[in-house]
Amino acid sequence: MAGSTPEIERDPEAMRGRILAARREGRRVGFVPTMGSLHAGHASLASRARESCDDVAVSIFVNPTQFGPREDYDRYPRNLEADCELLARHGVRWVFAPAVEAVYPPGNATRIVVDGPARRFEGELRPGHFAGVATVVCRLFQAVPADVAYFGAKDWQQTLVVRRMVHDLGLPIGILVCPTVRDPDGLAMSSRNAYLSPAERQRAVALAESLAQAERLWSQGRSVAEIEPAMRTALAARDVSCDYAAVVDPESLEPLVDPHGPAIALVAGRIGTTRLIDNRELPSRTTVG
Ligand code: AMP
C-alpha cells in the first residue's frame, strides 16, 4: 500500500493540538506507541488502527526510564528514516518523535507506579521497568489524546499494566490488544532480534518451542507442575538460559485458581547478551490430570 510520508512532530503540545483538531472535525484517531526500529509486528498494529480509525499517530521514542542501568538503552536500534517509510506504506498520518527532554522536563520527579499485574516476572527481574512504561505511556497519551491505543499481545504483562493504569486513573482512551506477529519458524518479531547472530537466531526459536510444548501439555490435561519444567527443558535444549517459564492466570499473573484455566504461558530467556520474552494464551480446558 503506497502512501504519503507521515508528518513528523517533535513537540508534545503541537502534537496534542493536531490530534484534538482532528477529533473536533469528527475524525476517529488511533495511536500506536513504539520505541521504533519497526518491524511487521508494529506494522500490524498500525494497519489495525488504520482499519478502524480515520487517522493514525505512531510515537517513536526510546524511553530511557524503562531501561535498567545495565540494560540496552544505548545500543537499542534507532532508524527513524526507515521507520517513516514503513509507516507511509500503512497510511500513518503522524509520527510523534519527541526528544527525551520534551517527555522528561529537567528536574522531573514524578513516576507512575502500578502494583498488581506489574509485580511479578518482568517487574521482579527489571526493577523500575513498569514504572518507566506506565509513566511514558501516560505522558504519550497526553501528547496524543487519541480515541484508542493499540498494543501487542507480545508484551502481555505490559498490556495488563497499561490497562490497569488507564482504568485506575480514568484515562479517557480505549486500549486494544492485537495478536503477536511471528517469523515463519515461530519466533516473535522484536526489535531486539536484530542483536542476534545467525547462530543465536536459530537458538532463539527455543522460546516459541517452549510455548508450543506448554500448549501441547496443557491440551493433554497436564498440570502446571508438569508443564513448567518441560518449558525450561525446551529452552535448555537450545542452550537458552531461562529467566522464567510459567503458566499463570492471564489477568492477575498469579498462580491458577482454576486448573482448567484459562491461562497464559510466559517465557523469558537469554541468548548471549540478548534477552527475549514471549507468551501464549492457553484456553479453558475440560479435563485435568
Ligand atoms: P516496542 O517498540 O517493542 O516498545 O513495541 C511497541 C508495540 O509493538 C508494543 O505494544 C508491542 O507489544 C508491540 N509489538 C512488538 N512486537 C510485536 C509483535 N511481534 N507482534 C505484535 N505486536 C508487537
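Student: Over the ring of which residue does the charged end of Arg285 sit, and how far is it from the ring centre?

Tutor: The model is predicted, so local features need pLDDT of at least 70 and side-chain atom pairs count only at pLDDT 80 or more, whereas totals for chains, interfaces and linings use all residues. Residues are numbered from 1 along each chain as its sequence is written, and side-chain values use heavy atoms, with hydrogens and water left out. A charge sits over a ring if NZ of Lys or CZ of Arg is within 6 Å of the ring centre and within 35 degrees of the ring normal. For Arg285 the ring is that of Trp218, and the distance to its centre is 3.6 Å.

Student: Which ring lies under the charged end of Arg75?

Tutor: The charged end of Arg75 is 3.8 Å from the centre of the ring in question. That ring belongs to Tyr195.

Student: How many aromatic pairs does a search of the whole structure find?

Tutor: Rings of Phe, Tyr and Trp (its six-membered ring) pair if their centres lie within 6.5 Å; planes under 30 degrees apart count as stacked, over 60 as edge-to-face and the rest as tilted. By this criterion, the number of aromatic pairs found in the whole structure is 6.

Student: Why is the pair of Phe67 and Tyr73 classed as it is?

Tutor: The ring centres of Phe67 and Tyr73 are 5.4 Å apart. Their planes stand at 65°, so the pair is edge-to-face.

Student: What is the geometry of the Phe141 and Phe151 rings, and which parts of the chain does the pair link?

Tutor: The centres of the Phe141 and Phe151 rings are 6.5 Å apart and the planes are at 75°, so the pair is edge-to-face. Helices (H or I, at least four residues) and strands (E, at least two) are DSSP runs, numbered from the N terminus. The pair joins distant parts of the chain, 10 residues apart: Phe141 in helix H6 (residues 129-143) and Phe151 in strand S5 (residues 148-152).
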